[in-house]
Amino acid sequence: MDFRSKRESYLGEGLIDRLKRREYPAIVLYLFLIGGAFLVGIVLFDLVIMPSLVGRGDAVIVPAIEGMSMKQAEEVCRKEHLAVAVTGRRNSEELPEGYIIAQNPRQGEGLKARRTIKVIVSSGRRMETVPEFSGKTLREAELLLGSSGLSKGRIVRIYAPGMGQPSVITTSPAAGSWVPRGASVDILVALHGEPKDYLMPNLAGKDFPFVKEMLEKLGFNVVRVVSKGEEGRFPNTILSQSPAAGAKIREGDTIELVVSTLE
């Protein structure tokens, strides 16, 4: 190999060595940039992306406000930086008017602060109007009670002048009254003609509901005076009566009964 070739070979090898020596800082810088970008990505993901995806950046646990009044619920939610909004109302047999029946979101779920809990509020018990019963037969009155969402209370019979079928004179509560659905309505029935006479049977030991139904069909007013416990007696067993057995009674009279109970 001549001098020129040796010189070019020497120069080439030196250039390669110098390039190799310069390559390392570039790799280090490249790796540093990759690592920095990775760390920035993690920070952005944790602080920006994840909260926007799950909505938990400033989330709070939804408190239980069902069964509370609106005032109580608002005070509880205010402490958690939440609001309450009524989105509906419905009747409730358990909760008074103005108390919360249901909430959304439910208790224990997460919700961002300053958001609103939607609630359904009670309108109280469903109310019904007592219909007009005057002049109707007892059977007609019973059917009308059922269709009106009301129940039959005491049936009181009195004798009135004139002829004809027994008919309703008035009720308590009176017609037109606004009462809760299912409320009992007492009915005063007028009997016409001459009352029939009977001898009072011995009712001790008999079943109260059965006896009451039979006596009322005969035109008597049956009153459950008191209930008391008596060992060896089933509930609703008649213990004593007034008038006593054998007494003369007249259609429309009142019969008082003492009935057993479990307590």
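Biologist: Which residue with a positive phi follows H2?
Modeller: That residue is His 81, and its phi is near 60°. Please bear in mind that this is a predicted model.

Biologist: Which residues of helix H2 are buried?
Modeller: Helix H2 covers residues 70–79, and its buried residues are Met 70, Ala 73 and Cys 77.

Biologist: Why are they on the same side of H2?
Modeller: They cover an arc of only 60° around the axis, so they lie on the same side of H2. In general, an α-helix has 3.6 residues a turn, so residues three or four places apart point the same way.

Biologist: And which residues are exposed on the other side of H2?
Modeller: Lys 71, Arg 78 and Lys 79 are exposed there.

Biologist: What do the buried residues of H2 pack against?
Modeller: They pack against three elements: strand S2 (83–90), strand S3 (100–104) and strand S5 (116–122).

Biologist: Let us change topic. What is the order of the strands in the open sheet of 3 strands?
Modeller: The order is S7-S10-S8, and the pairing is mixed.

Biologist: Which are the edge strands?
Modeller: Strand S7 (151–159) and strand S8 (167–172) are the edges, as each pairs on one side only. From one strand to the next, the twist averages 25°.

Biologist: In which sense do S7 and S10 pair, parallel or antiparallel?
Modeller: S7 and strand S10 (residues 184–191) pair in the parallel sense, over 7 bridges.

Biologist: Which residue in S10 does Tyr 159 stand opposite?
Modeller: Tyr 159 stands opposite Leu 191.

Definitions and conventions
Residues are numbered from 1 along each chain as its sequence is written. This is a predicted model: local features need pLDDT of at least 70, side-chain atom pairs count only at pLDDT 80 or more; totals for chains, interfaces and linings use all residues. Side-chain values use heavy atoms; hydrogens and water are left out. Buried means under 20% relative accessible area, exposed over 50%, partly exposed in between (1.4 Å probe, protein chains only). Helices (H or I, at least four residues) and strands (E, at least two) are DSSP runs, numbered from the N terminus. The arc is that of the directions from the helix axis to the C-beta atoms. Contact means heavy atoms within 4.5 Å. Two strands pair if DSSP finds at least two bridges between them. Axes are lines fitted to C-alpha atoms, for helices over the stretch in contact, and angles run from 0 to 180 degrees between N-to-C directions.
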